[in-house]
Amino acid sequence: MKYAMLVAWREFAESTKAKGFWISIFLMPTMLFFSIQAPIWLEQKATPVRYYVLVDQSKNLAPAIESAMEKNYQRRVLEALGDYARKYCASQLGSPPGANPLGLDGDGEANPRSVESFISKGGKDAAVERLKPHLRPDAPAFQSPRRPYQVVGLPSDISSDSDLSTLADSLKPYLRGERQLEYNGQPITLSAAVLIPSEIENFIVRPQTNHASRITHHETPATNPPRPSTVNPRSIQYWSINASDPRLRDDIEHAINSEIRQREYAAQGLDVAAIRQVEQTYASFASLNPKKEKGKEAVSAADAVRQWAPSGFVYLLWLVIFVIVQMLLSNTIEEKSNRIIEVLLSSVTPGELMMGKLFGIAAIGLTMISAWMLAVFGILSWKAGGASVLAGQMLGVLKTSDLIPLFSIYFLLGYLMYAGFILSIGSVCNTIKEAQSYMSVLTIVMMVPLLTMTFIPKDPNGGLARLLSWIPLYTPFTMMNRAAADPPMFDLIGTLVLLLATTAIALWMSGKVFRIGILRTGQPPKVVEMIRWALRRES
Amino acid sequence: MSAALELSNVTKFYGSFKAVDDVSFSLQPGSICGFLGPNGAGKTTTIRIILDILKPSSGSVMLLGHSSALEVRHRIGYLPEEKGLYKKMKAWSVVAYFATLKGLDRKTAKQRAYELLDRYGLKDFANKPTDALSKGMGQKVQLLASIAHDPEFVILDEPFSGLDPVNQQVMEEIIRDMAKRNRTVIFSTHVMQHAERLCDRVILMAKGKKIFDGTIPEAKRVLPHRVRIETQDDIAPMRNFAEVLSIRPVEKNGETHRNGSAQWELEFRENADPQAILQLCFDHKIRLRSFNQSEPTLHDVFVRLVGPEAKEASFR
């Protein structure tokens, strides 16, 4: 055992000196950090303000659009205030006392009523005043989010009275980015133009009429020649080269249509105020889970995290096992191709050598996992204080569930089982190239859990999940995946026993292949031959 | 004194191929033995069997009084034929690692490693990764790694290959030093001069069999004695004497005759006296321009014994 430990120590010490090891240690937390931080940054900085022109020749809709867009913006301000309150109000979790004065509902979402009352109560400045008594002393001043969209006037050389096709043609260079507009003394690029024809009132589509009129979305010919289809003169025109982000278009279309409907209600003699009231009615909806303790059955966002957290662990498990068995393979082949193996075998038995390698690489894996876990806890705790609700929920799930102990068990058994195969392969191959043909098969086999990872949580105790659980090669990954769904005890224990047995057999057989293969030179043997070695009685 | 190594009727099959065929020999402590033979003769397999890396199909090995080398692994040093080191490890750390595998504690092993690297001129390279070393330096590091624990029994497979003449000399000194301290050394080589200079004993293998086992003088006696003569006279009368086994012309630049005279090589029986050959020449009025009696070299013995004309004939 002493010698196996010496071998293990060398494997460990040398692998930790490799750059790749440190890159993989740091890569995962970096990725995690950016996946949490990126949405925050995107929100704050990355999306540029998008400028658009609005030409309303009907002289009828523009104010309604502008007020709807303003209301949309106020909604963002309100939600940002909610986040701000959550982050800086003196009491931490639950419903912050400062959030309720904002009139937000449980998840921090703004509903139409709360937006209107926010605006009527004096908007941002008044709300900030109301929050002040609840804020922690170190809270920074509230920063309003930027406006995502900003309406700008037409360039001075374009008249809003010219007919729409002329107008569109003269705007095209601006929309294509060939010319720039001026706004507040800054040159800006126009992202969209909304052109409303003067006769739009006559083109409104009603269920009983056949007039087809709606907003059509035109792609400004940036590189392609214009499409032969003519512009429908009865539609509102939305010009933009950005076809992938429909939000501005949707917002405007929604604003116009709700304004038109308001007028329809009035035209048909309906009580607009009553309709507005009706529109703001809703039934509240609760998701409940019968498995949860009585009185706490409500399904929260944390429960969704709990449901999906195992997937993260499956991916981690897969990644670590995949990375370290590759290390095991290349270290074994290095010793074999350098013939260091002979010197080693004059000092230690093949069994000790194999054990040493297994332990050494396992220690590498455990180091990686521990480093990652620490980083995950660190990053989540750092970000959990309000900036990221998700981080707090993830942290809670990690602390309260048995995911980590399960992960440790499945890591060790899964690693040892795959290491058995890898050592057999490594012992018979002289170069990485020779090993590739075996490895490609193993890699394909190992891909399955990655593919099933996303849909097992949707039906964690279903037929496919159970089937895969009982295939020892996939037991660690699948059972990890099902961990949040309380799989039947029979599955949990049964698959664990089967996995243990398979791991033991894999190691025992690979020990025999290793002893024969490790000193062989020349062409690697066929798989059938390796199996024959594995089954051969000791001589 | 009991033998340091004793092989009895060792045979090894790889499938149906007989790699080692009924080989027996023993080595006394403190001796240096050359283990010779062409490629594929079964030397490396025999060495692996001695080290208990491979199990013999039949026969037995006793090494330092034990039936398995692993029982006495701390007392054995081994340098394999194909040299390789962990590329990213530092020179001292490789030497120290192998020494710890041989039972030295980590601290002593490190100390020994620096000491040896210093003594054999590698002080400046002790902290370099081994892939920064030249081939010769790497090989020295590997040798040092195999003897850092001061083993009683050392097996060196082709220790001289890849070394420059100066370092070959260093290697010879290391081997002699070890023998002086009553260490037993067995090494394989293709370069007969090393064996000739160093060995008390040579064992020659071909096609899995031991075909010679003895001292260097004994090896040289395997070949018939030879003389080389140069004359312009007819040497046909010499063929009539029983002592002369063969006469063949010595060619130089494709010609046998030069300035009217020719060189001949005569082989004669082991116990015949070269003086008698000289006497015969005088008796038959063969005027000699030169008469050269030379001892066969180990190289000649090797070529003769394993060469096609010698087949697997046993000379003893």
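This briefing covers the contact between chain A and chain B and the sheet of chain B. The model is predicted. The contact draws 22 residues from chain B and 17 residues from chain A, and in chain B an open sheet of 6 strands is found, with mixed pairing.

**The contact between the chains**

- On the side of chain B that touches chain A, β5 (76-79) and α2 (91-101) of chain B each supply at least two residues, and the largest share, 4 residues, comes from α2(B).
- Sorted by class, the side of chain B that touches chain A comprises 14 nonpolar, 3 polar and 5 charged residues.

**The sheet of chain B**

- The strands of this open sheet follow the order β5-β6-β7-β3-β8-β9 (chain B), with β5 and β9 (209-214) of chain B as the edge strands, each of which pairs on one side only.
- From one strand to the next, the twist averages 15 degrees.
- Strand β6 (residues 153-157) of chain B runs parallel to β5(B), and 4 bridges join the two; within this part of the sheet, Gly77(B) has Val154(B) in β6(B) as its bridge partner.

**Helices packed on the sheet**

- Helix α4 (residues 135-147) of chain B packs on the sheet, where it touches β5 and β6 of chain B, and the direction of α4 makes about 160 degrees with that of β5(B).
- Helix α9 (residues 298-306) of chain B also packs on the sheet, touching β3 (32-36), β8 (201-206) and β9 of chain B, and the direction of α9 makes about 30 degrees with that of β8(B).

Note on methods. Residues numbered from 1 in each chain as written. Chains lettered and ligands numbered in written order. Predicted model: local features only at pLDDT ≥ 70, side-chain atom pairs only at ≥ 80, totals over all residues. Contact = placed C-beta atoms within 7 Å. Nonpolar A, V, L, I, M, F, W, Y, C, P; charged D, E, K, R; others polar. Pairing = 2+ DSSP bridges. Axes fitted to C-alpha atoms, helices over the stretch in contact; angles between N-to-C directions.
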